[in-house]
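This report looks at aromatic rings and at the charges placed over them. The sequence and the structure come first.

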Amino acid sequence: MLMVMMRTTFGTGLHWLIIAVALVLPAGAFAAPDQGEETPEKPSAETAPKTESETAETPPETESETAETTETTEAETEDDAPTTEDTTVDDEAREWYFRFDALEQYRFRYSTAPVVDDTISSMTPDPAAAPGPETDHDLRLMLSGTLSESEDHFLADVAMGLWADVDGKYPDGDYSGFSSPYDESQTYGIPLWIDLYTLYAEYHSRDLFALGRAGRQVSEHGPLVSFDGGAVELALSRPFLDVFAFGGRSVHFFEIDAAFFEDWLASGGFVIRPIRELRIELDYRFEKEDLTPIDADDDREAIIDHSYGVAAWYRYEHLLYLKGYFRGINDAPALAGGAASAVWSEQEVGFDVKADAQIVTLREINEKEDPFYAVLGASLPHIKLNADLWKAFTTKAGTYTIHAGWGGRLLTADDATDFNRDYGRAYLWLQAVDIGIAGPFAGIVGEFHYTHKSADLNSENLFSIGGSAGWELDPLKVEAGTYYQRFKYDYYVDVKEIESVRTYFGEVAYRPFDWLSAGLRYEFEVFDRKVHTVMLTLTQRY
């Protein structure tokens, strides 16, 4: 049952598919990352113009917001030619491999008292009611591992995270700009939140039974969705025709009072490859969800959705890539879009274009599996467009690249509202790498921001400049810079839409060994308040 206050996926019990974890972990919070808890982006990408998906900290379940299917598929990762070779392997000759990654992070935040102005949406609590300067201390541990064998038939995967709120949560009734669902969790009597992202085992082969997988997983066909269940793929006529099916208990992050099997899904479809360069996918999905709408009087409402879609990918060598999709929900067309990119390596020139259309208004439950619709309300019909044209110049004195582009979100119905913005952005982005010698790099971007519609919202047009400079030569990287965000969404206990955020940052990363790296990052954000953030991170790969 989806609620406005976000909590945990499992409520008071663990699912039978992860019973092994239940033997060592308490019943409690298994969820996706809170959006204020993202892994820091690689600083080399920070000079880039910020799109809405980069500036709005979107929840994990909305990463497939345009209803795209994952690009990498079996057809793109293995040889499509059938084989008759005997692949039977003696158990003593079989070798097993284990990969393990870990990330440990400490984060400190300090915020000044907010200033009452129009830079925050109307959904934010009155800043005057907020306390004065605040501090916050958090610890995060991310773990992931994969077990596979030499013949590539068996694989097991796990990914999880642990959060600890060092300074504890605010008393009930008190407002904090740093509060998050992680502050509410208690495990063994301490403020510890445990997230489980994947935990599954699979078998795959070159025979008819191409894939069998069981456990917590993410769908590989249709829009991305996490679920506890099983998935099967059959190669009916390799490499021309595959059939797939999956289903189980759908996973919603930050959900409270969830019953054992109240939300579930089932899906099936075909993958057709008439030629090696072209892949076509058709799928159907049934979803049954119990939720509490934000304006409902009753505690629970059952919603059933039938969705269907077609998607196609075409790749011509390393030169051209095309993609298109269409998706309907129940009796109405809902989502459509496409993308194209091309690279001429010898000329060092290329382009990327993308268009996504939401044809109807989407509310609390839909194919995008977005639990935050219960908080944000309806998503109005709109079109998102992005285009980027680039040209590189490789010289003895370094590599220099010019990007020119435009991106925007255009409402096709109704006026703009909070979380339903209508805007455009044109930019010119210059990059330089290994300037004169190996190591130094720099970038600068100029952006013009404007709005198409306004409903008593800030519709002022403006120009912004961002950029960064640094040094990168293994094992050391140092960078400092600044960037501007027209809109930024914070998903904490209170959802905030923040306008006109200027961020300054500095980062040092050092990798003494191939398996070990350390990083120190500082951010200074300026909007209706000033927020200082310090993050110390260690990562290991074994």
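## Aromatic rings and charges

In this predicted model, Arg-279 sits over the face of Trp-313, at 4.5 Å from the ring centre. Lys-391 likewise lies over the face of Phe-393, at 4.2 Å from the ring centre. The table lists these two contacts.

| Charged residue | Ring | Distance from the ring centre |
|---|---|---|
| Arg-279 | Trp-313 | 4.5 Å |
| Lys-391 | Phe-393 | 4.2 Å |

Rings also pair with one another. A pair of aromatic rings is described by the distance of the centres and the angle of the planes. The structure holds 13 aromatic pairs. One of them joins Phe-227 and Phe-246: the ring centres are 5.3 Å apart and the planes stand at 25°, so this pair is stacked. Phe-227 belongs to strand E6 (residues 226-237) and Phe-246 to strand E7 (residues 241-250), so the pair ties together parts that are 19 residues apart in sequence. Phe-227 counts as buried, at 0% relative accessibility. Phe-246 is buried too, with a relative accessible area of 7%.

A further pair is formed by Tyr-423 and Phe-487, with ring centres 5.7 Å apart and planes at 55°, so the pair is tilted. Here Tyr-423 lies in strand E16 (residues 423-433) and Phe-487 in strand E19 (residues 476-491), so parts that are 64 residues apart in sequence are tied together. Both Tyr-423 and Phe-487 are buried.

Which residues do ring pairs link into a cluster? The cluster consists of Phe-98, Phe-100, Phe-513, Trp-515 and Tyr-542.

Terms used
Residues are numbered from 1 along each chain as its sequence is written. This is a predicted model: local features need pLDDT of at least 70, side-chain atom pairs count only at pLDDT 80 or more; totals for chains, interfaces and linings use all residues. Side-chain values use heavy atoms; hydrogens and water are left out. Rings of Phe, Tyr and Trp (its six-membered ring) pair if their centres lie within 6.5 Å; planes under 30 degrees apart count as stacked, over 60 as edge-to-face and the rest as tilted. Helices (H or I, at least four residues) and strands (E, at least two) are DSSP runs, numbered from the N terminus. Buried means under 20% relative accessible area, exposed over 50%, partly exposed in between (1.4 Å probe, protein chains only). A charge sits over a ring if NZ of Lys or CZ of Arg is within 6 Å of the ring centre and within 35 degrees of the ring normal.
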